[in-house]
Amino acid sequence: MSTNLDYEKEIVAIILYTSCFLMVVAVFLVVFFYFSRKKIIQKELEKRDLILQYQKEQLHAVIVTQEEERKRIAQDLHDDISSKLNIVSLNTHLLSAPNLTEAETKEITDNIINLTTKALENSRKIAHNLLPPVFEKFGLNAGVEELCEEFESSKSVKVKYKSEVDFDDKDIDRHLHVFRILQELMSNSLRHGKSTEIKITFQNINGILTCNYQDNGVGLDSENVENQKGLGMKNIDSRISFLNGTIKITSEKGNGVVVIFTF
């Protein structure tokens, strides 16, 4: 009888210890998952904050670029177009002066014609910089071809362009971002990279439109490419983000720059 009682006590003790152990384990697991979840949420919040900060920087870059572009256009209009029109106005008033000789009248008239012609040419250039007529009428491929010809006209750089893509005219708004990206890249290659050769290729890789851009300029330290991004490159990042694309920049000093971006 005593043996059975001791056995029962042992069983009860085992059950009690087992229950206590399981409760401790359960409490430990609850605490562990609580703090793990808290840590995960914290990481997600930090990641979201980084994304928001990145988006703010992109938006800031776009706004600053737009303001700089507006200032440049306003300066061009004021310094060039406005000054020429003022001189035209003065010359027009001279025509109403009495006792003008035929030679004087012809000289004033020629001045007016010459100035108005130059004002028209410069106004076309300003409009062209805002939105090239060729791009607007014939699309991205024609716009890039003309862009390459303009850079080659400087005689300081040779541009090779190839497109394996038939672009949809309905995507002209998206294509304008691609065009601006290439404008910025080519300007950087010429102004900062001292390049003499640029290659641009459009491809459709497994349904993803891709641009391969490379130059033979002085290049960059690939480890510091991110740190060396100026306003222009940040604006490129903003456009890539708008296109839901990706961009990869590789470079070595003395070996030019290779940029691959999707759109």
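A residue is called buried when its relative accessible area is under 20%, exposed when it is over 50%, and partly exposed in between, using a 1.4 Å probe and protein chains only. By that rule Glu197, at 27% relative accessibility, counts as partly exposed. The model is predicted, so local features need pLDDT of at least 70 and side-chain atom pairs count only at pLDDT 80 or more, while totals for chains, interfaces and linings use all residues. Residues are numbered from 1 along each chain as its sequence is written, and side-chain values use heavy atoms, with hydrogens and water left out.

**Salt bridges**

- The structure holds four salt bridges, a salt bridge being a side-chain nitrogen of Lys or Arg within 4 Å of a carboxyl oxygen of Asp or Glu.
- One of them joins Glu197 to Lys199, with the closest N and O atoms 3.8 Å apart, and Lys199 is partly exposed at 33% relative accessibility.
- Another links Lys106 and Asp110 at 2.9 Å, N to O; both residues lie in helix H2 (residues 102-130), four residues apart, about one turn of the helix, where helices are DSSP runs of H or I with at least four residues and strands are runs of E with at least two.
- Lys106 is exposed at 54% relative accessibility, whereas Asp110 is partly exposed at 36%.

**A strand pair**

- Strand E4 (residues 247-251) pairs with strand E5 (residues 257-262) in the antiparallel sense over five bridges, where pairing requires that DSSP finds at least two bridges between the strands.
- Lys248 stands opposite Ile260 in E5, and the hairpin formed by E4 and E5 has five residues between the strands, with Gly254 in the turn showing a positive phi of about 90°.
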